[in-house]
Amino acid sequence: MSDSPVSKILVLDNDDACQQSIKRFCDENALVPLKVRKNRLMSVLRSNIDLGAILLAEDYGASPEENAEIALRIHTVRPELPIILRRQDAASLDGIPESLRRVFCAAYTAHDMTALRPVLDEYIFSLVYPNALVRGISEITENVLSSQFRTMTTTWNTPYIVRDRVIFGEVFSLIPLESAWCRGYMMLQTEEAPILRLLNAREGDEDAGFRAVNNLLGEITNLIWGAFKNRYVGDSSQHASSQIQVPLIVNHKHKYISFGTENPQLCFLYTLTDEDSGNAIRLYQRFVFNLSWSPEDFTEISPDSSGLVESGELELF
Amino acid sequence: MAKILIVDDSSTVRDEVAGFLKNNGLEVATAVDGKDGLAKMKADPGIKLVISDVNMPNMDGLTMVEKIRGELGNAAVNVIMLTTESSPNMKERGKAAGIKGWIVKPFKGDAVLETFKKLAA
């Protein structure tokens, strides 16, 4: 599995030749293209919470008016997602009505897709994540999940970059990450019912309620945070702390969370499966570095230098 | 029988550790933070081993250990920290307060059971 994050993009394009060009471009640029039927577009937009951008062809709708309506509806439902317009002749938004231009972030053509690369760099891959960090997060999280769900199998997908701000499931946790090279949050999102089923199946937890789910998610968050800190942060008291903060906004009605930044988020999806029953728990893990990000200062603390012992082992004094 | 006190603000951890120790024949009490742990230490002279988290609300684990030593003067009680922290500075502070050992979470009972039994004896 690659340590380099990919990003999922929704391709709204009916032209077969252009679709092939887009597919090739995606393969070469760490993008995963997703297609959708026009009549399912809105339901897909409402249910997919892990998109990076949308590629919309200017002739996707049956008429310019319908295309404009589609673009406006997408922008209304998911304003955080950049919409990149494929045009027939030139990679420019010239000729697009002023009222509509605001919903597009850029334009490209299928016969010269080089214009698309800098747009992706600006809107999706604007933060560079060190491979060692991406790999380490997966390792840390897999270890923690295995310790908490001993009878279940943990798998995870290739990490990906998202611009979505939509919250998955019914319960999420947030914990700040502060170091010399990053400031932000780790967020874990999951559904309540599968965890309740698991807790109820465990001996002695027949009456497990939502507080038990909260406690378990809180402990998982704490364990990942601790391992992250031990591996990548070190002694936090040695770092100059900043007083700068930005408010987080949570809109319950729309299941939307904003961290006060347009920065894309690094996302991991873990699936825990009970091989006997087939029951599965999905856990979305997002990293949002909204306050500072200096990957050039990223360091990994070696066990030798910090005197670490294996987790779970007793270090006697 | 000597008793083990588990101090952790996470009920998940308290339940996991207490369940494991009880299943292995040990008597266990629990506390939800350092303040609660200190109060239970004062009230129960039968506690011989404390397993405590570091980061907790109201009173952290290291402060609790310092108060156990300062207020109770009870050098006979062994203390093990069970925490996500592995900072050398924190370990040094723990050593100065007289803790016996340090475990970085997650808890792996089989790896520490025999030592716990000896320290609680």
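Predicted model: local features only at pLDDT ≥ 70, side-chain atom pairs only at ≥ 80, totals over all residues.
**Entry 1, nonpolar cores**

I began with the largest nonpolar core, which has 60 residues. I looked up which members touch the most others, and they are A:Phe149, A:Phe228 and A:Phe287. Helix α8 of chain A, residues 210–233, gives the most to this core, with ten residues.

I then listed the contacts of A:Phe228, leaving aside neighbours within four places in sequence. The list holds A:Leu133, A:Ile137, A:Ile140, A:Leu177, A:Trp181, A:Val233 and A:Phe287. I also noted a second, separate core of 25 residues. Among its members are A:Val44, A:Ile54, A:Ala71 and A:Leu81.

**Entry 2, chain A against chain B**

I turned to the interface and found 24 residues of chain A in contact with 28 residues of chain B. The buried area between the two chains is about 2,200 Å², and carbon and sulfur atoms give 51% of that. I asked which three residues supply more than any other three of the area that chain A buries here. They are A:Gly312, A:Leu314 and A:Phe317, with 29%.

For polar links across the interface I have twelve residue pairs in polar contact, both partners at pLDDT 80 or more. On the chain A side, α6 (131–148), α8 and β14 (314–316) each supply at least two of the residues that touch chain B. The largest share, nine residues, comes from α8(A). By class I wrote down seven nonpolar, eleven polar and six charged residues for that side.

B:Ser11 sits in helix α1 of chain B, residues 11–23.

The rule finds four salt bridges across the interface of chain A and chain B. In one salt bridge, the side chains of B:Glu85 and A:Lys229 meet at 2.7 Å, N to O. I also recorded a network of salt bridges that links A:Glu219, B:Asp8, B:Asp53 and B:Lys105.

Over all chains, the search of the whole structure gives 29 salt bridges.

A:Lys8 pairs with A:Asp50, their closest N and O atoms being 3.0 Å apart. A:Lys8 is in strand β1 (residues 7–12), while A:Asp50 is in the loop between α2 (41–47) and β3 (53–57), 42 residues apart. Both A:Lys8 and A:Asp50 are buried.

A:Arg87 and A:Glu58 meet through their side chains in a salt bridge of 3.2 Å, N to O. Because A:Arg87 lies in the loop between β4 (83–86) and α4 (98–101) and A:Glu58 in the loop between β3 and α3 (64–77), the pair ties together parts 29 residues apart in sequence. I find A:Arg87 buried at 14% relative accessible area, whereas A:Glu58 is partly exposed at 28%.

A:Arg231 forms a salt bridge with A:Glu139, with the closest N and O atoms 2.9 Å apart. I traced A:Arg231 to helix α8 and A:Glu139 to helix α6 of chain A, 92 residues apart. A:Arg231 counts as partly exposed at 22% relative accessibility, and A:Glu139 counts as partly exposed at 34%.

Note on methods
Residues numbered from 1 in each chain as written. Chains lettered and ligands numbered in written order. Heavy atoms only, no water. Core = buried A, V, L, I, M, F, W, Y, C linked by side-chain atoms within 4.5 Å. Buried < 20%, exposed > 50% of the residue type's maximum accessible area, 1.4 Å probe, protein only. Helix = DSSP H or I, 4+ residues; strand = E, 2+ residues; numbered from the N terminus. Contact = heavy atoms within 4.5 Å. Buried area = accessible area lost by both parts, 1.4 Å probe. Polar contact = N/O pair within 3.5 Å; in protein donor to acceptor, adjacent residues only side chain to side chain. Nonpolar A, V, L, I, M, F, W, Y, C, P; charged D, E, K, R; others polar.
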